[in-house]
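Me: I would like to learn how to read a few features of a model. Please go through them one at a time.

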Amino acid sequence: MNNLFNNRIADFAVKGKRYVNLDNAATTSPLKAVEKGVEDYLTTYGSVHRGSGEKSKISTNIYEESREIIKDFVGAPKDSYVIFSGNTTGGMNILAHFFSFLKGKVAVSSIEHSSSWLPWIKTEGEKALGAEQVNYTNVGDLADEVQKLGGEQVLTYGLDKNGEFDLAKIEQLLKTEDIKVFILTASSNLTGYCPDIKKVGELVHKYGAFYIVDGCQFIQHHPINMVEMGIDFLVASGHKFYAPYGGGFVVGPKEFLDKFLPYQIGGGNLPYITSGGRFLRYKNQLAHDPGTPNAVGAVSMGLALKELKKIGLEKVEKYETELTKFAYQGLKEIKGVKLLVPEKHLSTVIPFVIEGKSATAVADELNNKYAIGVRAGNFCVYHVVRDLLKITPEQEKQIIADVEKGDVSSMPGVIRASFSICNNREDAERLIDAVQQIASK
Ligand SMILES: Cc1ncc(COP(=O)(O)O)c(C=O)c1O
């Protein structure tokens with residue numbers, strides 16, 4: 001995967017050493033094609049959906065084209081809307097808002113990122129509490145009550161002993177509870193495990209629920225097709241697929257989205273307000289485009305997905321999984337290294353710890369001494385980390401006590417090395433060598 005990034009990005013060095021970025025699951029650098037496309041876009045940048053001038057027309061057309069590129073890339077049904085959000089967190093909050101108007105419960109997997117879980121707790125909890133909220137003078141008490149009430153509406157389904165979803169258990173949940181919406185990540189941000197999205201979707205639809213998939217760790221690494229996989233709503237973040245300009249998206253059915261007032265309303269997303277104060281609404285995706293949009297964010301996503309399509313997702317998938325496998329095999333040989341994902345679930349991320357060493361200290365050393373960027377911590381999936389590290393209830397009690405005192409030093413943590421098309425064999429070798437040296441001390 002040569003030459004996809006500008007040299008100043010690919011050759012970035014720390015203290016004379018070429019920097020190896022193995023934190024791609026957190027965020028990614030822009031592709032060369034994205035940087036160039038954004039620069040061109042800015043040349044003719046003008047008001048989107050607002051003006052009659054040439055720049056406004058050009059800007060609006062390119063902005064709208066981005067929606068089509070996204071729809072095409074994710075294999076969306078013809079009648080889909082693309083709603084721009086700041087990121088996946090923003091997208092999930094938009095969906096949680098809409099679904100809070102429907103009756104029924106929410107099902108969220110135990111491996112979801114907090115951004116696919118907490119928006120549901122908050123919206124469902126706030127809805128249940130309603131006007132009672134004003135009776136709370138203490139913000140902490142209100143938060144506790146919202147969490148309690150939200151938790152009653154948001155059910156969790158977990159993994160079996162093999163670390164996979166049990167379809168029979170999922171079916172049981174759907175059969176016995178009135179589930180309105182079912183949420184699942186297409187790839188775990190910590191282990192890379194990719195559940196069978198299609199099979200789960202068949203069950204979700206059999207019981208009449210809507211199916212939301214968090215695609216933000218998936219669409220840049222593996223081919224996706226919403227129609228074939230039976231996905232109703234797909235959410236992703238541009239910064240994770242080489243378009244770090246503040247864009248994210250939700251793709252979902254027009255029929256559903258036309259039923260709701262937009263998540264945000266004000267300027268731009270309604271065609272007319274009558275003298276009587278009645279506002280008329282667009283029956284298209286513009287209704288969900290409040291204010292002057294982050295056009296560069298939207299356009300950059302179109303540029304990135306166009307480039308990824310040109311490379312070919314099958315080719316990307318093969319390249320990245322082979323590279324990750326190579327690193328995995330190398331790390332596996334090192335005494336003291338504990339890999340926290342079984343090989344059969346390996347995608348593009350490797351979670352690991354070095355026995356007897358703090359995860360954050362190892363990550364710091366990898367950066368400071370070896371110019372290798374990884375991440376260490378809980379990755380917004382506390383439940384997954386607790387399971388992987390087999391944290392006991394006693395240990396958790398101590399962690400809670402420490403954190404409440406403001407001391408986070410006893411927090412458990414995992415190191416994550418995450419690969420992308422920006423990496424090569426030399427990067428993997430540098431990681432293996434550095435971990436070998438750290439582990440041997
Ligand atoms: C699986 C998953 N979902 C959601 C998010 C949240 O994404 P963002 O920070 O772009 O909102 C992340 C970010 O790491 C993630 O890995």
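Reply: Glycine 406 comes after helix 15 (residues 393-404) and has a positive phi, near 90 degrees. Helices (H or I, at least four residues) and strands (E, at least two) are DSSP runs, numbered from the N terminus. This is a predicted model, where local features need pLDDT of at least 70 and side-chain atom pairs count only at pLDDT 80 or more, while totals for chains, interfaces and linings use all residues. Residues are numbered from 1 along each chain as its sequence is written.

Me: How many buried residues does helix 15 have among its 12 residues?

Reply: A residue is buried if 20 or more other C-beta atoms, placed from the backbone, lie within 10 Å of its own, exposed if 12 or fewer, and partly exposed in between. For helix 15 the count is 0, and the helix is hardly covered.

Me: Which strand pairs with strand 4 (residues 80-85), and over how many bridges?

Reply: Two strands pair if DSSP finds at least two bridges between them. Strand 4 pairs with strand 10 in the antiparallel sense over 6 bridges, with serine 85 opposite glycine 248. Strand 9 (residues 233-237) is also antiparallel to strand 10, over 4 bridges, and there glycine 248 is the bridge partner of serine 237.

Me: Why is strand 10 largely enclosed?

Reply: Strand 10 (residues 248-253) is largely enclosed by the rest of the structure because 5 of its 6 residues are buried.
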